[in-house]
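Let's take a friendly walk through this structure together. Have the viewer open, and follow along as we go from one region to the next.

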Amino acid sequence: MNFYIKKIVPLIFCNFILYANDFTSKYLEKKLQATDETKSLVPLAIIGGGSAGLAAGIYGGRANMHTVVFMGTHPGGQLVETSIVENIPGVSRKTGEEIMDLTKQQAKEFGALLLDETIKKIEIETSDDDDKQIFVLTNDADEKIYALAIVIATGSSPRKLNVPGEDEYFGNGVSTCALCDCVLYKGQDVVIVGGGDDAVEKAMQVAPYAKNVTILVRSDRMRAAPKMCDKLSDYENVKIVYNKKVTEIVGDGDCVTGIRIIDILTLEEDFMPVAGVFLAVGHNPNTGLYKDLIDISDDGYIILQSRSQQTCTPGIYAAGDVADGQYRQAGTANGDGIKAALDAVKYLRSKGFTEKVAREMRPRYYKGMVR
Ligand code: NAP
């Protein structure tokens, strides 16, 4: 009897609700019987809820696909750590958080489901008899979710210096988020390590609180855009020091008390007393989860096919910093997300995912886990 309920009833149920002439049918049907899962289907799963993921969510939602954005551990992505954003076309002087709140709202209005869940595993299951495939995602509650197409938009994580003391004092003087931690350094001296836009941004975030802010650049030039560097002239307590590398972060056992540095031209060593060290030395793409599924470049980025967001695996698309080692702007991440969703929707349609199929699959759609 148990067998009947578990295997035969779903079989009949599936035969009724799924169409036999498209890729959502036989294989999916077989899969769902085998797993006894009844409400775990996602036609378009977007992994990551930053600029790229939410833009993909808007387009997936607008295409009337049941689109789920798995927001992950950093909902809103890097932009929520940015104070004033002024280089997204058409958006003038809003905070990163305001922009991401508006983007989330827009994605929801178009029907995307934004879930506070993290995907920790992805597997591809292919049928024996043909090339039909399904992606099996596992979330942080160990639930299995069956997706027909995926957009990877997991962004990148702040790089570290890999010097002694960095891990020991991370959270107690060492930080990658100036917007989060700036108030902790009222009246104290801090250093920002790095010479890109992020370093300038962080310096401007900390300067209103700190006594002195030093931007420590390892070469003889800033990599940040000249317009960004110009803004620093508004802050009298910010200075830039070139040709210096951090060799150690020093503390008293509880908090940071300073950094050891070396001049790369003279090799002279020095100690700089500071209470805070903000790291702004770039980011590494978050691609660890996908290395067995798709091609990843030597420097860790997802490799895309020509001018699309398609990876080497049909049905998997990528957008934003996870696949872009070159531009890495919120605006370009938006564009990537849009293209990835359009590519994914086209793929689903080409595989027979029609409005009719969507309607009939609806009772099986994944709506989020009950925590
Ligand atoms: P980035 O442009 O790659 O700059 C990284 C900086 O860190 C460079 O100055 C680099 O020095 C330095 N660096 C790397 N490893 C280091 C190490 N071990 N020790 C010391 N210094 C090290 O990265 P980003 O500033 O994070 O910016 C990433 C992207 O986001 C860029 O495209 C940027 O335009 C964008 N962004 C824009 C804004 C904005 O417009 N408001 C804000 C933030 C970021 P070298 O130059 O010597 O390699």
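Is Cys-229 buried, partly exposed or exposed? Cys-229 counts as partly exposed, because its relative accessibility is 21% and the buried class covers values under 20%. Keep in mind, as we go on, that this is a predicted model.

Cys-312 has a relative accessible area of 32%, so Cys-312 is partly exposed. Cys-177, with 8%, is buried. Cys-177 also takes part in a disulfide, with Cys-180 as its partner and an S to S distance of 1.9 Å. A disulfide is a covalent bond between the sulfur atoms of two cysteines. The structure holds one such link. If you like torsions, look along the S-S bond of Cys-177 and Cys-180: the angle there is 75°, and the link is right-handed.

Now turn to the sheet. Five strands make up an open sheet with parallel pairing, and their order is S10-S17-S11-S12-S13. At its edges are strand S10 (174-175) and strand S13 (238-241), each of which pairs on one side only. Further in, strand S11, residues 189-193, pairs with strand S12, residues 212-216, in the parallel sense, and five bridges connect the two.

Helix H6, made of residues 197-206, lies across S11, S12, S13 and strand S17 (276-279). Relative to S11, helix H6 runs at about 165°.

What surrounds the ligand? There are 20 residues around it, and the closest are Gly-195, Asp-197, Arg-218, Arg-223 and Gln-329. Several backbone atoms come into the picture here. A polar backbone atom of Gly-195 is 2.9 Å from an oxygen atom of the ligand. For Asp-198, a polar backbone atom is 3.0 Å from a ligand oxygen. Ala-280 has a backbone N or O atom at 3.5 Å from an oxygen of the ligand.

Asp-198 also leads us to our last stop, His-283, as the two residues touch. His-283 is found in strand S18, which spans residues 283-285. With a relative accessible area of 17%, His-283 is buried, because that value is under 20%. Leaving aside residues up to four places away in sequence, His-283 touches Gln-78, Ser-156, Ser-157, Pro-158, Arg-159, Asp-198 and Tyr-301.

Terms used:
Residues numbered from 1 in each chain as written. Predicted model: local features only at pLDDT ≥ 70, side-chain atom pairs only at ≥ 80, totals over all residues. Heavy atoms only, no water. Pairing = 2+ DSSP bridges. Helix = DSSP H or I, 4+ residues; strand = E, 2+ residues; numbered from the N terminus. Contact = heavy atoms within 4.5 Å. Axes fitted to C-alpha atoms, helices over the stretch in contact; angles between N-to-C directions. Disulfide = S-S within 2.5 Å. Buried < 20%, exposed > 50% of the residue type's maximum accessible area, 1.4 Å probe, protein only. Near = heavy atom within 4 Å. Polar contact = N/O pair within 3.5 Å; in protein donor to acceptor, adjacent residues only side chain to side chain.
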